[in-house]
Amino acid sequence: MPMQGAQRKLLGSLNSTPTATSNPGLAANHTGAPCLEVSIPDGLFLSLGLVSLVENVLVVAAIAKNRNLHSSMYYFICCLALSDLLVSGSNMLETAIILLLEAGTLATRASVVQQLHNTIDVLTCSSMLCSLCFLGAIAVDRYISIFYALRYHSIMTLPRAQRAIAAIWVASVLSSTLFITYYDHAAVLLCLVVFFLAMLVLMAVLYVHMLARACQHAQGIIRLHNRQLPAHKGFGLRGAATLTILLGIFFLCWGPFFLHLTLVVFCPQHLTCNCIFKNFKVFLTLIICNTIIDPLIYAFRSQELRRTLKEVLLCSSW
């Protein structure tokens, strides 16, 4: 096919991403040594994206329906769901276009394919940046609600939350546009990696501090009721386990993608790095999995939201 080169560019969400070989299993590098390549079937990738779409649409619908959820905290959760929805939706759209092009069902000019490629890249990148930003915003919001409880409603007012949300969306779109335009500059990729590490450190510091405050509060209650300290230790262990799971899932799902960007900068031609590049779709799949997990961690744990969600589902079934 004369357009095959243009079509294959759509395989990555980043222009600088080396494309993987089409054969699953062990692929050979330039020296003939085996190189582990994990194949992600397109059907599985699209199915995970569909699950993410449904979950996050339900979160957005539930928050929009219930006025009791119209607070800064739930606005951040709603925007996280919306950005996760765009992450999964843009990747599904890209995969669907690739399949249609390769099957010959969708016939178009190479210039149109390139424009689609750039548009989807900007959408994917901006939604990823938004998702990371709103994860950080949720952590900041929870930190303020714990350490400045009496002043929380005066600090996190709706106008301030709305301005922060608008700033995140605008900054993410502008940054992603610059990133796609100057994708071949190492400084751009390093800025994205530094941004990810900054979000990871921010979340870790805030949640560890919140856990320490919760343990102090639990210890004070135990002493007030003259109970034994092992109960406090059990609370601390549960809190530490929850924190480990939260940060571990974040790092596991997002870390490989930014490791990929780091290797693109520092060892684009190294044989080991080339083996890692072949698993780029696995890294995207992990991010899609994170968009599935986010509603479970940040949204569905709310009893009010779950009750509203049931109402939404019951209304849609009639």
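**Figure 1. Y143 and F147 in helix α4.** Y143 and F147 lie 4 residues apart in helix α4 (residues 110-147), so about one helical turn separates them; helices (H or I, at least four residues) are DSSP runs numbered from the N terminus. The model is predicted: local features need pLDDT of at least 70, side-chain atom pairs count only at pLDDT 80 or more, and totals for chains, interfaces and linings use all residues. Residues are numbered from 1 along each chain as its sequence is written, and side-chain values use heavy atoms, with hydrogens and water left out. Rings of Phe, Tyr and Trp (its six-membered ring) pair if their centres lie within 6.5 Å; planes under 30 degrees apart count as stacked, over 60 as edge-to-face and the rest as tilted. By this rule there are 7 aromatic pairs. The Y143 and F147 pair is stacked, because the ring centres are 4.4 Å apart and the planes stand at 25°. Both Y143 and F147 are buried, that is, under 20% relative accessible area (1.4 Å probe, protein chains only).

**Figure 2. F257 and F280, a pair between two helices.** With ring centres 6.1 Å apart and planes at 40°, F257 and F280 form a tilted pair. The pair links distant parts of the chain, 23 residues apart: F257 belongs to helix α8 (residues 230-266) and F280 to helix α10 (residues 280-299). F257 and F280 are both buried. One aromatic cluster is formed by F196, F250, W254, F257, F258 and F280.

**Figure 3. K281 and the ring of F45.** The charged end of K281 sits over the F45 ring, 5.2 Å from its centre. For this, NZ of Lys or CZ of Arg must be within 6 Å of the ring centre and within 35 degrees of the ring normal.

Notes
Buried < 20%, exposed > 50% of the residue type's maximum accessible area, 1.4 Å probe, protein only.
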